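User: Hi! I'm new to reading protein models. Could you help me make sense of charged side chains that pair up?

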Amino acid sequence: MARYIPFLRWKRGEKIAIGNLSVSAKQNVVPLICLATDQYTAKAATATRPAMTAAEAFIDELLAKWGATDFYLDASGVGQGAVHHPIIDIAASARARNARLIPATSLTAPLQYQQAVANVVLANGTGVGLRVDLQDVTSAATWIGSWPHPVASTDLIADFSNSMGMVAALGASVDHAFGNLHLGNQWRTVTMAGTSNAR
């Protein structure tokens, strides 16, 4: 089954766009939200709403814009240096509201974040998303032994950034890389995605 994974930085225009999608348009779409510190803020109390922590505010907005269907969250850009990584609080808020959070990470993410993701994977039971680049795809046999999660519950997301045109032009070479992907049919899913580095 073909899937579309849009990479979102959780900015205003993106929120409006996914909030306007119809139910049918959301089928087979699983957004990957790359959360940064600027998009992770608490909300003060108002006359009609109590104060919300940053984790509660994010999940509240996510449910309002996307709903309770699957989404990936890469929060490696939030809470650097914090003893307790924010993704743990976000995941707890998601579970409390029945939001289907799948934590996402990369091979080079900070160790503290990797440990927090492992905690979320155990608590959520929704598996994990692994973002890799083309070099990672072709060298999977060298790092798969140190990947801490079962391959069968890992969604492999090949993120080719704004090099997607160049990758597509490689044609047969890319076909060969994916056709011979290490443990190719054992990953839960394998998706090729292109993103933009624009901020």
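This is a predicted model: local features need pLDDT of at least 70, side-chain atom pairs count only at pLDDT 80 or more; totals for chains, interfaces and linings use all residues.

User: Which residue does Asp60 meet in a salt bridge?

Analyst: Arg97 is the partner, with N to O at 3.4 Å. The two sit 37 residues apart, with Asp60 in helix α2 and Arg97 in the loop between α3 and β4, so the pair links distant parts of the chain. Arg97 has a relative accessible area of 40%, so it too falls in the partly exposed range.

User: How many salt bridges are there in the structure?

Analyst: The structure holds six. Another one of them joins Asp70 and Arg100, at 2.7 Å from N to O. Here Asp70 is in the loop between α2 and β3, and Arg100 is in the loop between α3 and β4, 30 residues apart. Asp70 is partly exposed at 24%, and Arg100 is partly exposed at 39%.

User: What about Arg131 and Asp74: buried or exposed?

Analyst: Both are buried. Their side chains form a salt bridge of 3.2 Å, N to O. This pair links strand β5, which holds Arg131, with strand β3, which holds Asp74, across 57 residues. Shared partners also matter when you read salt bridges: Asp74, Arg131 and Asp159 are joined into one network that way.

Note on methods: Residues are numbered from 1 along each chain as its sequence is written. Side-chain values use heavy atoms; hydrogens and water are left out. A salt bridge is a side-chain nitrogen of Lys or Arg within 4 Å of a carboxyl oxygen of Asp or Glu. Helices (H or I, at least four residues) and strands (E, at least two) are DSSP runs, numbered from the N terminus. Buried means under 20% relative accessible area, exposed over 50%, partly exposed in between (1.4 Å probe, protein chains only).
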